[in-house]
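Here is a short briefing to read alongside the model. Take a look at the structure, then follow the topics below.

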Amino acid sequence: MALSPSKAVDQVRLMLRWREAERPRLEKIHTYLRGTQEFRWLPDPPPREVRRLADMSRVNFLALIVDMLTQSMFVDGYRMPKEEDDERAWEVWQRNRMDARQTGVHRAALAYGASYVTVLPGDPAPVLRGVSPRNMTVVYGEDDDWPLWALEKRRHAGPGALYRLFDEEQAYWVGVEHEGDEPRLISSEVHDIGRCPVVRFLD
């Protein structure tokens, strides 16, 4: 059942709290992937020479491990056993340029434990887009395959942000003008999927 405007805003408000709770873990992993994690063993403040030596000694093995595993996860066809031709679903993959985009999906799943792909109606084929868990918070019920709700951070809008909330019937566009402000429903659209249109990729 579609949410009323007030219920959609309430759901976004709740999911923003959950998003904030999971953010420290995801951001910590992100800093290690980029090699920008804190040197907790340095004195505060560290002498300049000590800081330069610490920066020079940093070797980012985590990104290397994730990249190495991601290289072996490239999908280059989709066919049934004993069939020579790809299934029609492969055309959807190709139209969405997932050959190039799949690496980000796999890399995020390996690094953070999960990543997501939104699947929405399109013409002439469904539209697939990968989303990092740093930009999506997902809630599951008894069915581990299909979420109840998914909140995607679409972009920063000046000092605020724009979000898209999915349920089994609609996508709700919600804006937050400034950090800490109340969410505001901008618009909603029916997606006709029958389920929350988010697929999870697990490590």
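Helix H1 makes the largest contribution to the lining of the largest pocket, with 9 residues. Helices (H or I, at least four residues) and strands (E, at least two) are DSSP runs, numbered from the N terminus. A pocket here is an open set of points on a 1 Å grid over the protein atoms alone, where a 1.4 Å probe fits, with protein on both sides within 12 Å along at least five of seven lines; lining residues have an atom within 4 Å of a point.

The model is predicted: local features need pLDDT of at least 70, side-chain atom pairs count only at pLDDT 80 or more, and totals for chains, interfaces and linings use all residues. Residues are numbered from 1 along each chain as its sequence is written, and side-chain values use heavy atoms, with hydrogens and water left out.

**The largest pocket**

- This pocket holds about 720 Å³ of space, a volume being the space filled by probe spheres set on grid points joined across faces, edges and corners.
- Its lining has 27 residues, and Arg-19, Glu-20, Lys-153, Tyr-163 and Glu-179 lie nearest the centre.
- At least two lining residues come from each of helix H1 (5-34), strand E4 (149-157) and strand E5 (160-166).
- Sorted by class, the lining has 14 charged (Asp, Glu, Lys and Arg), 8 nonpolar (Ala, Val, Leu, Ile, Met, Phe, Trp, Tyr, Cys and Pro) and 5 polar residues (the others, Gly among them).

**The second largest pocket**

- The volume of the second largest pocket is about 180 Å³.
- Its lining has 12 residues, of which Pro-147, Leu-148, Trp-149, Asp-167 and Glu-168 are closest to the centre.
- This lining has 7 nonpolar, 4 charged and 1 polar residues.

**The three-stranded sheet**

- Three strands form an open antiparallel sheet in the order E2-E1-E8; strands pair if DSSP finds at least two bridges between them.
- Strand E2 (127-131) and strand E8 (198-202) are the edges, and each has a single partner strand, so one side of each lacks a neighbour in the sheet.
- Direction ignored, neighbouring strands are turned by 25° against each other on average.
- Strand E1 (residues 114-120) and E8 run antiparallel and are joined by 5 bridges, with Thr-118 having Val-198 in E8 as its bridge partner.
- Helix H5 (residues 98-112) packs on this sheet, touching E1, E2 and E8, and its direction makes about 140° with that of E1. Axes are lines fitted to C-alpha atoms, for helices over the stretch in contact (heavy atoms within 4.5 Å), and angles run from 0 to 180 degrees between N-to-C directions.

**Gln-170**

- Gln-170 belongs to strand E6 (residues 170-176).
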